[in-house]
Amino acid sequence: MPTTERTPRTAVVTGAGSRRGIGRATAHALAADGYHIAVLDLDKEAAEDTAREVAARHGVEALALAADVTDADAVDAAIGEVEAALPPIGALVNNAGITSPTRFLDVMPVEWDRIFEVNVRGSFLVTHRVAAGMAERGFGRIVFLSSVSAERGGGVFGGVAYSAAKAALLGLSKSLARELGPSGVTVNSVAPGLIDTDITQGKLDEERRAAMIADVPVRRIGGVEDVADVIAFLARPESGYLTGATYDVNGGSHIH
């Protein structure tokens with residue numbers, strides 16, 4: 001049953017501007033479940049494109065906002081606009097992030113800091129801004145986008161800085177789940193494996209791609225909808241007994 005048939009709520013999705021990204025697919029999946037959508041992205045035009053597409057397809061309200069998630073004032077202003085224009089925030093998907101393939105012995109401090117700024121500080125700032133309201137209202141669904149790289153120590157495209165940042169989100173998610181659980185707010189992580197997005201497009205030759213698919217039990221690379229559907233499941237009101245967990249979306253390529 002769509003959430004709008006009970007209590008109208010808004011879902012905030014960060015980094016949802018990319019046409020082939022997990023964020024945009026997640027915005028669609030949440031809107032299909034009845035959430036109104038707030039799209040936060042560095043690229044205002046891309047965010048507006050996502051918002052228009054979501055509103056037209058699902059008949060919900062959708063707001064686009066340009067915001068740098070590493071800037072506390074920008075985050076505060078953006079969430080303030082969401083709170084003024086849309087129903088109360090009931091879900092947050094911390095999707096905004098950047099990757100880096102640089103090997104540890106080659107990575108420079110400025111690159112290391114930038115990876116943590118976007119992936120960890122950005123997720124902290126947005127979550128910190130919305131969590132109090134969720135707790136006061138007694139309902140919230142927070143999802144962090146981690147990565148298989150955080151669990152297995154690196155991945156296809158992510159180097160040490162990326163893996164470390166995504167691992168930090170797992171610790172943040174678990175500890176926050178304990179703190180916010182009594183207030184009706186669940187906190188979970190999703191750890192995608194190899195997913196067909198702009199990050200992976202054109203970066204695998206056919207031989208390597210075939211070898212990687214052969215190592216996946218379901219024999220395919222994942223799609224953005226595979227990840228979005230798991231996030232939407234975790235954002236349902238009915239998923240209130242699921243918290244502090246990490247959900248792997250990798251076709252079985254990393255079973256532990």
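Which helix holds S163? S163 sits in helix 6; helices are DSSP runs of H or I with at least four residues, strands are runs of E with at least two, and both are numbered from the N terminus. This is a predicted model, where local features need pLDDT of at least 70, side-chain atom pairs count only at pLDDT 80 or more, and totals for chains, interfaces and linings use all residues. Residues are numbered from 1 along each chain as its sequence is written, and side-chain values use heavy atoms, with hydrogens and water left out.

**Helix 6**
- S163 is buried, because its relative accessibility is 8% (buried is under 20% relative accessible area, exposed over 50%, partly exposed in between; 1.4 Å probe, protein chains only).
- Beyond its neighbours within four places in sequence, S163 contacts S149, A150, G153, G154 and G158 (contact is heavy atoms within 4.5 Å).
- V160 also belongs to helix 6, which covers residues 160-180.
- V160 is partly exposed, at 39% relative accessibility.

- The structure holds 2 aromatic pairs (Phe, Tyr and Trp rings, six-membered for Trp, with centres within 6.5 Å; planes under 30 degrees apart are stacked, over 60 edge-to-face, the rest tilted).
- F104 and W112 pair edge-to-face, at 6.4 Å centre to centre and 80° between planes.
- W112 and F116 are stacked, because their centres are 5.3 Å apart and their planes at 20°.
- W112 and F116 lie 4 residues apart in helix 4 (residues 109-137), so about one helical turn separates them.
- W112 is partly exposed at 26% relative accessibility, and F116 is partly exposed at 22%.

**Nonpolar cores**
- The largest nonpolar core has 32 residues; L30, Y35, I37, V190, V227 and I231 touch the most other members.
- A core is a set of buried Ala, Val, Leu, Ile, Met, Phe, Trp, Tyr and Cys residues joined through side-chain atoms within 4.5 Å.
- Elements that each supply at least two residues of this core include strand 1 (10-14), helix 1 (22-32) and helix 8 (224-234).
- Another core lies apart, with 27 residues, among them A67, V69, L169 and V185.
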